[in-house]
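The sequence and the model are shown first.

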Amino acid sequence: FYCWGHVAVVLLSTAYFALAGVDNWRYLPFLWAVLPFLNAFLYAKVPMTPPLAAHERTPLRALFSRKLFWVFLLMMICAGASEQAMSQWSSLFAERGLNVSKTVGDLLGPCAFAALMGLARLLYGKFGERLNIRRAMVFSAALCVCCYLVAANAPHPLLGLLGCALTGFSVALMWPGTFSIVARVFPQGGTAMFGILAVLGDVGCSVGPALMGAVSGAVSGNANIAASFPNLTADQLGLKSGMLFSSVFPAFILIGVLLLTRFHKAANKKPSPKADLSEE
């Protein structure tokens with residue numbers, strides 16, 4: 001439902017710009033501020049599940065002592081970065097990097113991104129029990145790398161927009177998939193464990209777009225690099241370079257899942273109740 005809310009935000013914001021004009025963008029945040037205001041009252045009524053008793057939880061110190069847990073932390077950072085680097089920059093990338101209008105860029109960039117992410121999560125919710133989660137994560141990470149590379153190097157704007165949109169499908173499983181595996185490996189981690197993972201995912205949501213922006217700005221401002229690509233404007237070269245750089249985030253997830261596979265094989269040789277990666 002996060003994905004469908006994302007779609008609604010893009011569609012309604014696009015309609016606002018069409019009616020009020022982009023110059024009046026500063027009033028839009030005030031309109032969207034109504035949602036968190038209402039959520040403050042809705043959250044107050046949410047029933048809370050009692051946490052595990054202290055003696056039933058795996059202590060955080062014990063979790064941080066496990067190498068496998070650090071792999072999960074890296075995966076969460078890269079999951080957030082892979083998702084938001086494209087989500088936050090796809091509109092501007094489409095507009096300036098691919099030379100399409102803002103309306104087309106918004107609809108075929110972040111809107112299509114969110115719709116495909118929602119579709120993928122809907123399919124996973126429906127058929128997830130039949131999937132090998134680790135293999136699905138390998139496929140998702142590899143597809144995400146390809147999508148970033150296509151978006152950055154596409155010879156035609158429509159192909160670049162397709163890369164942006166399909167990134168949404170590829171990142172859909174990364175966050176919930178990592179949570180799913182963690183729940184199996186550390187079933188008594190408790191809310192503190194998932195809270196830490198969520199925080200690291202949010203860190204990735206901030207770091208990913210920030211690093212992409214930093215790389216884009218550095219490249220677009222470098223006259224020597226720009227001179228080597230006379231067919232591209234400084235903005236186009238910078239945004240394409242940032243998009244190319246962002247492919248490292250899903251690449252790290254791919255490495256992380258492969259490490260999980262290695263731990264899985266080791267766990268099969270020496271069974272441990274604290275690190276069970278067997279499939280249900």
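## Overall fold

Along the sequence, the protein chain runs α-α-α-α-α-α-α-α-α-α-α-α-α. The model is predicted, so local features need pLDDT of at least 70 and side-chain atom pairs count only at pLDDT 80 or more, while totals for chains, interfaces and linings use all residues. Residues are numbered from 1 along each chain as its sequence is written, and side-chain values use heavy atoms, with hydrogens and water left out.

The radius of gyration of the protein chain is 21 Å, which agrees with the value near 19 Å that a compact globule of 280 residues would have. This radius is taken over C-alpha atoms, and the globule rule is 2.2 Å times the number of residues to the power 0.38. Along the principal axes, the C-alpha atoms fill a box of roughly 60 × 50 × 35 Å. Of the 280 residues, 40% are buried, where buried means under 20% relative accessible area, exposed over 50% and partly exposed in between (1.4 Å probe, protein chains only). Contact means heavy atoms within 4.5 Å. Among contacts between residues at least 6 apart in sequence, 80% join residues at least 24 apart.

## Two helix pairs

Two packed helices are described by the angle between their axes and the distance between the axes. Here the axes are lines fitted to C-alpha atoms, for helices over the stretch in contact, and angles run from 0 to 180 degrees between N-to-C directions.

| Pair | Axes come within | Crossing angle |
|---|---|---|
| H5 (residues 67-97) and H7 (residues 133-153) | 12 Å | roughly 30° |
| H10 (residues 190-220) and H12 | 7 Å | roughly 140° |

Angles under 35 degrees count as roughly parallel, over 145 as roughly antiparallel, 65 to 115 as roughly perpendicular and the rest as oblique. H5 and H7 are therefore roughly parallel to each other, whereas H10 and H12 are oblique.

H5 and H7 cross in a left-handed sense, meaning that the near helix is turned anticlockwise from the far one by less than a right angle; clockwise is right-handed. The H5 side of the contact includes Met75, Ala81 and Phe93, and the H7 side includes Met137, Cys144 and Tyr148. The residues of this contact divide into 9 nonpolar, 1 polar and no charged. Nonpolar covers Ala, Val, Leu, Ile, Met, Phe, Trp, Tyr, Cys and Pro, charged covers Asp, Glu, Lys and Arg, and the others, Gly among them, are polar.

The crossing of H10 with H12 is right-handed. Among the residues that meet are Leu211, Met212 and Val215 in H10 and Leu237, Gly238 and Phe245 in H12. By class, the contact has 9 nonpolar, 5 polar and no charged residues.

## Buried residues

Helix H7 holds serine 140 and alanine 141. Serine 140 is buried at 6% relative accessible area. Not counting residues up to four places away in sequence, serine 140 touches Ser170, Leu173 and Met174.

Alanine 141 is buried, with a relative accessible area of 0%. Leaving aside neighbours within four places, alanine 141 is in contact with Met174, Pro250, Ile253 and Leu254. The C-alpha atoms of alanine 141 and leucine 254 are separated by 5.3 Å, although these residues are 113 residues apart along the chain.

Serine 246 lies in the loop between helix H12 (234-245) and helix H13 (248-269). Serine 246 is buried, at 0% relative accessibility. Residues up to four places away in sequence aside, serine 246 touches Ala85, Tyr148 and Met212.

Key
Helices (H or I, at least four residues) and strands (E, at least two) are DSSP runs, numbered from the N terminus.
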